[in-house]
Amino acid sequence: MDKNKYSELVTKSKAISNKWRSLPAPQRGEYIRLFGEELRTKKEALASTITKEARKIKTESLGEVQEAIDMCDFAVGLSRQLYGLTMPSERPNHRLQELWHPLGVVGCITAFNFPMAVFAWNFCLAAVCGNSIIWKPSPHSNGCAIGMKEVWDKVSGEFADLVLVLEGGNEEAVALCEDKRIDLISATGSTQMGKELAPIVSARLGKLLLELGGNNAAIVCPSADLDLTIKGIAFSACGTTGQRCTSLRRLFVHEDIYEDCTKRLQKCFDELVIGCPTKESSQIGPLISEASFNSMQDTINSLKDKGINISGGDRIEIEDPNEFYVKPALVLVNQIEEEMLSETFAPILYVKSYKNIEEAIQMQNDVSQGLSSSIFTNDMRESELFLSEAGSDCGIANVNIGTSGAEIGGAFGGEKDTGGGRESGSDAWKNYMRRMTVTVNYGEDLPLAQGVEFDEN
Ligand code: NAD
């Protein structure tokens with residue numbers, strides 16, 4: 001890494017953030033509106049870049065650009081709603097309230113699998129909140145970052161530097177984390193990455209927003225509508241070739257419907273269309289890399305060594321011999337296997353039967369990650385238990401929907417080893433601002449809080 005170039009980049013970002021933050025928030029929102037308009041006109045081209053780099057099928061790539069557009073719309077509205085509370089003061093003639101101010105420069109480190117949407121989650125909020133952003137994309141998706149930057153440059157006039165791209169790998173990410181001038185590190189990627197970067201940021205008492213790996217589960221209850229359920233499971237487990245942080249990895253099925261459910265699931269898996277992501281008919285494209293394929297095979301071989309029966313999981317050669325297409329694996333297990341406790345970033349679905357809902361919830365929660373979870377049921381008591389404090393321990397809990405495919409309106413993120421961060425909708429914007437508690441005395445006396453006396457004698 002060229003240290004001088006890096007330092008210049010941060011200096012530029014700091015300078016533009018100082019200028020940008022003094023624009024009224026609704027005017028900042030207007031720039032984001034223009035950004036969203038331009039994304040609309042470039043939707044097809046940007047989606048093609050995602051397909052080229054992340055190898056997503058076309059409809060998912062278009063969906064990802066749509067997500068970025070949705071984030072713009074959300075942020076434009078938000079630019080007039082960065083509300084602070086006003087609290088009643090305990091003292092006469094006093095006002096107690098909160099003000100929200102920009103942080104400065106946001107360092108945004110992103111993963112390969114959502115190469116535009118995660119940037120949009122961060123940038124749209126960071127920008128309306130008055131910050132600049134330095135974006136370190138995944139080495140797999142520099143073209144996506146350049147594509148987004150070009151769109152921003154077209155609409156941003158004097159504020160082009162609000163988005164600066166720092167191409168590179170671990171060294172560049174570490175530099176951002178070590179740098180005191182970076183006011184927030186927002187990092188998306190594996191739990192391993194989070195564990196390595198968090199101590200670096202914490203050592204300088206920096207602000208950190210982590211969106212890390214998941215190990216998501218769904219529970220299928222006896223009352224579930226199986227047509228809807230099978231479709232939801234197939235999309236969550238196999239869509240994006242099992243390479244979403246929210247991909248479904250573990251399935252707990254009630255023993256009364258286990259046989260029927262697994263048979264239908266097998267049929268559905270067998271019928272999935274695996275093929276080049278640019279083809280309209282393809283439902284599953286290749287894995288991102290050979291390393292990713294090897295990691296999938298390591299898990300499968302480890303299961304096979306234990307004599308566990310696996311359907312699928314093998315490589316299929318389609319067109320380009322350098323690409324790694326795989327058949328999604330369905331793994332029926334009689335007990336919780338060690339492999340189920342970690343995230344293999346590939347389409348492997350473990351299925352286990354359960355006897356009662358409490359047992360299913362416990363198995364679901366009994367992993368170190370806490371991102372997404374689902375229940376398929378038409379029994380209100382079961383779904384409410386699942387959503388209660390005794391239910392799912394994840395940041396996302398769905399009823400009659402798979403674990404993946406969240407909308408931008410809600411806060412996105414998870415607990416435990418998923419990192420605890422929240423991005424995108426709801427009040428996630430607060431992560432990109434600092435809260436100032438303000439007390440104003442407009443009276444003629446100086447009463448102290450809690451009735452403390454400090455009179456002159
Ligand atoms: P990754 O951890 O390999 O890389 C993510 C980013 O971190 C990249 O920009 C990479 O260059 C950087 N990085 C990785 N290791 C680093 C290190 N040791 N030091 C410094 N920088 C490092 O992840 P990936 O393979 O690109 O993406 C898949 C992972 O991301 C999965 O675990 C998935 O669950 C997770 N993910 C999480 C979310 C979420 O919102 N929770 C969203 C997308 C992906």
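Guide: In helix 12, Ile357, Glu358, Ile361 and Gln364 meet Glu382, Leu385 and Phe386 of helix 13, where contact means heavy atoms within 4.5 Å. Helices here are DSSP runs (H or I, at least four residues), numbered from the N terminus. By class, four nonpolar, one polar and two charged residues form this contact; Ala, Val, Leu, Ile, Met, Phe, Trp, Tyr, Cys and Pro count as nonpolar, Asp, Glu, Lys and Arg as charged, and the others, Gly among them, as polar. The model is predicted, with local features needing pLDDT of at least 70 and side-chain atom pairs counting only at pLDDT 80 or more, whereas totals for chains, interfaces and linings use all residues. Residues are numbered from 1 along each chain as its sequence is written, and side-chain values use heavy atoms, with hydrogens and water left out.

The axes of helix 12 (residues 357–365) and helix 13 (residues 380–387) come within 11 Å and cross at roughly 30°. Such axes are lines fitted to C-alpha atoms, for helices over the stretch in contact, and angles run from 0 to 180 degrees between N-to-C directions. Helix 12 is therefore roughly parallel to helix 13 (angles under 35 degrees count as roughly parallel, over 145 as roughly antiparallel, 65 to 115 as roughly perpendicular and the rest as oblique).

Helix 4 contributes Glu64, Glu67, Ala68, Met71, Cys72, Phe74, Ala75 and Leu78, and helix 5 contributes Ala117, Ala120, Trp121, Cys124, Leu125 and Val128. This contact comprises twelve nonpolar, no polar and two charged residues.

Helix 3 (residues 43–54) and helix 6 (residues 142–156) have axes that come within 8 Å and cross at roughly 165°; they are therefore roughly antiparallel. The crossing of helix 3 and helix 6 is left-handed. Leu46, Thr49, Ile50 and Glu53 of helix 3 meet Asn142, Gly143, Cys144, Gly147, Met148 and Val151 of helix 6.

As for the wider arrangement, an automatic or database assignment gives domain 1 (3–212 + 419–438) and domain 2 (216–399). Their C-alpha centres lie 31 Å apart, and 14 residues of domain 1 are in contact with 22 residues of domain 2. The area buried between the domains is about 1400 Å², of which carbon and sulfur atoms give 58%; buried area is the accessible area (1.4 Å probe) that two parts lose on being put together, summed over both. Arg55, Ile57 and Glu60 supply 41% of the area that domain 1 buries against domain 2, more than any other three residues.

Note on methods:
Helices (H or I, at least four residues) and strands (E, at least two) are DSSP runs, numbered from the N terminus. A crossing is left-handed if the near helix is turned anticlockwise from the far one by less than a right angle, and right-handed if clockwise.
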